[in-house]
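Please read them with the coordinates open.

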Amino acid sequence: MSEIILLSGSPSEYSRTDLVLQYAGTKLKQEGYSITHVSVRDIPADDIFNLRFDSPALKELTLLIQGADGVIVGSPVYKAAYTGVLKALLDLLPQDVLAGKTVLPIMTGGSPAHLLAIEYSLKPLLSALKGQSQQGVYFQDCQIDKKQVGNPIIDVNVLERLKKELYYFVETVNRKRDYVL
Ligand SMILES: Cc1cc2nc3c(=O)[nH]c(=O)nc-3n(C[C@H](O)[C@H](O)[C@H](O)COP(=O)(O)O)c2cc1C
């Protein structure tokens with residue numbers, strides 16, 4: 001069974017990014033993929049801000065990512081880029097932690113103004129870690145309803161875009177897995 005990691009860069013307790021990742025995870029689970037959801041909030045802040053490379057939580061996360069077939073990385077836009085805490089966390093992981101991994105970048109933002117943050121901020125970061133990024137999906141806050149159980153995405157167009165990206169994501173993950181076998 002292919003392992004997919006959902007990595008959320010939102011420090012928010014009630015996070016739209018997390019809701020979108022959970023929705024994607026549910027869809028992939030229905031297709032038989034094994035899903036693990038990790039948030040920056042799950043890693044002790046002390047470990048991140050004291051640069052503890054030997055932190056057990058970070059070692060565990062590294063092993064999870066290295067053992068995965070694909071990773072979906074989600075982040076809210078903060079001041080026109082990914083969150084600082086996501087960067088601080090990724091700074092502590094090995095520089096090639098995403099080597100050979102298919103990665104689907106997802107961002108949520110309050111306005112359409114930062115639609116390209118995926119292109120100019122998140123993708124270059126993922127590529128520096130040797131990840132192979134899919135196109136990605138950007139959600140505006142008005143397209144996500146936090147109160148809607150099951151599927152929080154209320155805009156049909158962006159929902160279609162996400163479904164298409166998930167299709168391409170699993171297609172790439174499966175192709176790579178078959179090639180390795
Ligand atoms: C500190 C901070 C900075 C933000 N900066 C931006 C920004 O530059 N551009 C934007 O479109 N939205 C910005 N937002 C809005 C968030 O990106 C948006 O509400 C997002 O959906 C929050 O995701 P979350 O609920 O997963 O944390 C900012 C929000 C916060 C809290």
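1. Accessible areas here come from the Shrake-Rupley method with a 1.4 Å probe. On that basis the accessible surface of the protein chain comes to about 9,100 Å², and carbon and sulfur atoms account for 53% of that surface. The model is a predicted one.

2. Secondary structure consists of 6 helices and 6 strands. Their order along the sequence is β-α-β-α-α-β-α-β-α-β-β-α.

3. On overall dimensions, the C-alpha trace spans about 45 × 40 × 30 Å along its principal axes. The radius of gyration is 15 Å, which agrees with a compact globule, because a globule of 181 residues would have a value near 16 Å. Of the 181 residues, 50% count as buried.

4. Contacts reach across the sequence: among those between residues at least 6 apart, 77% join residues at least 24 apart.

5. The largest nonpolar core has 32 residues, of which Leu86, Leu89, Leu98, Met107 and Leu122 touch the most other members. Two or more residues of this core come from each of strand 1 (3-8), helix 3 (56-66), strand 3 (70-76), helix 4 (84-91), strand 4 (102-109) and helix 5 (117-128). A second, separate core holds 23 residues, including Ala24, Ile72, Val158 and Leu162.

6. Which residues does Leu86 contact, leaving aside neighbours within four places in sequence? They are Leu7, Gly9, Val40, Val73, Ser75 and Leu122.

7. As for charge, there are 19 positive and 20 negative side chains. The centres of the two sets lie 3 Å apart.

Terms used
Residues are numbered from 1 along each chain as its sequence is written. This is a predicted model: local features need pLDDT of at least 70, side-chain atom pairs count only at pLDDT 80 or more; totals for chains, interfaces and linings use all residues. Side-chain values use heavy atoms; hydrogens and water are left out. Helices (H or I, at least four residues) and strands (E, at least two) are DSSP runs, numbered from the N terminus. The radius of gyration is taken over C-alpha atoms; the globule rule is 2.2 Å times the number of residues to the power 0.38. Buried means under 20% relative accessible area, exposed over 50%, partly exposed in between (1.4 Å probe, protein chains only). Contact means heavy atoms within 4.5 Å. Lys and Arg count as positive and Asp and Glu as negative; His and the chain ends are not counted. The place of a charge is taken as NZ of Lys, CZ of Arg, CG of Asp or CD of Glu. A nonpolar core is a set of buried Ala, Val, Leu, Ile, Met, Phe, Trp, Tyr and Cys residues joined through side-chain atoms within 4.5 Å.
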